[in-house]
Amino acid sequence: MAHPADPLSRRRSLGLLLGAAPTLLLGGCALNGVSEAVGAATQPLNERLEALLQGKGKLPEFRPSQVDPAALLINSFNGTPEFTPGSYRLAVSGLVSRPLNLDLAALAALPQQQCVIRHVCVEGWSAIVAWSGPRLADVVALAGLSPLAGYVFIESADQYYESWDLASALHPQTLLATHMNGAPLPAANGAPVRLATPIKLGYKLSKWVTSLKLMATLGDRRGYWEDQGYEWFAGL
Ligand SMILES: Nc1nc2c(c(=O)[nH]1)N[C@H]1C(S)=C(S)[C@@H](COP(=O)(O)O)O[C@H]1N2
Ligand SMILES: [Mo]
């Protein structure tokens, strides 16, 4: 798979906004502690800047009739791991009061959310997809979120890994999808559990998720593609 370099247009528009709105940025940084943001090399400035500039509103959803199954291309760096449904567990650990090992029945028992959104891959394609499953926020709430948590580290069965800012992870449109376009998730698309959201680029949307770890800071491993130069926040 040949992923191109970072989406340059985003870099450029961020640059323009930075030039145009210095007062706004200083104001926002002061609120959160500029020394913390600048001093912590582990915390990309992009995160605070982009969160500030884009707000945290809901992104558009589509009608189920707009779903185009053929437009969603399979994009996997390391094959397709297979699960026997009975043996699947989702570990929720780190900065939580009750570490969990959830089976599929436990995920199905949570409120189910449907979200028809546009999936955008930096390789130059996009597709409208209907995802459903529990909200990531509901799974984290079940485990009892510590106020010290700021990030989620996500591991997958194919050795893919990702890290997200907590606000994006807990966004109401961020799901742990178990179904796609009205049917159980196909193996190639991440069965039995994958991330889905309209607020992040495709490479943030881990398939075959096996572990969510709540963290206070980012570690050295920020994401499979991010560690090769891709932008970490990857917001839409
Ligand atoms: N575990 C895992 N998750 C992954 C990937 C991967 O290779 N492994 N590829 C990412 C990329 S680049 C994209 S665009 C989407 C593709 O999802 P799809 O194959 O269901 O279309 O999955 C993302 N999640
Ligand atoms: Mo992608």
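Helices (H or I, at least four residues) and strands (E, at least two) are DSSP runs, numbered from the N terminus. With that settled, here are my notes.

1. How to read the model. This is a predicted model, where local features need pLDDT of at least 70 and side-chain atom pairs count only at pLDDT 80 or more, while totals for chains, interfaces and linings use all residues. Residues are numbered from 1 along each chain as its sequence is written, chains are lettered from A and ligands numbered from 1 in the order in which they are written, and side-chain values use heavy atoms, with hydrogens and water left out.

2. Two backbone details. Most residues other than glycine have a negative phi, and most peptide bonds are trans. Q159, in the loop between β5 (151-156) and β6 (161-165), has a positive phi near 80°. The peptide bond between A191 and P192 is cis, with omega about 5°. You will find P192 in the loop that links β9 and β10 (194-196).

3. Atom pairs at ligand 1. Which distances are worth checking on your screen? An N or O atom in the K207 side chain is 2.5 Å from an oxygen atom of ligand 1, and one in the N189 side chain is 2.8 Å from an oxygen atom of the ligand. L205 uses its backbone instead: an N or O atom there lies 2.9 Å from a nitrogen atom of ligand 1. Taken alone, ligand 1 exposes 540 Å², and the protein buries 100% of that (accessible areas by the Shrake-Rupley method with a 1.4 Å probe).

4. The open sheet. Four strands make up an open sheet in the order β3-β4-β8-β9, with antiparallel pairing (two strands pair if DSSP finds at least two bridges between them). At the edges are β3 (113-121) and β9 (183-184), each pairing on one side only. Two bridges connect β8 (residues 179-180) with β9 in the antiparallel sense, and M180 has A183 of β9 as its bridge partner.

5. Strand β1 and its partners. β1 (residues 90-94) runs antiparallel to β2 (residues 100-102), joined by three bridges. Together they form a hairpin with five residues between them, and V92 stands opposite L100 in β2. With β11 (residues 209-215), β1 runs parallel through four bridges; here S93 faces K213.

Definitions and conventions. A polar contact is a pair of N or O atoms within 3.5 Å; within protein, one must be able to donate a hydrogen and the other to accept it, and residues adjacent in sequence count only if both atoms are side-chain atoms.
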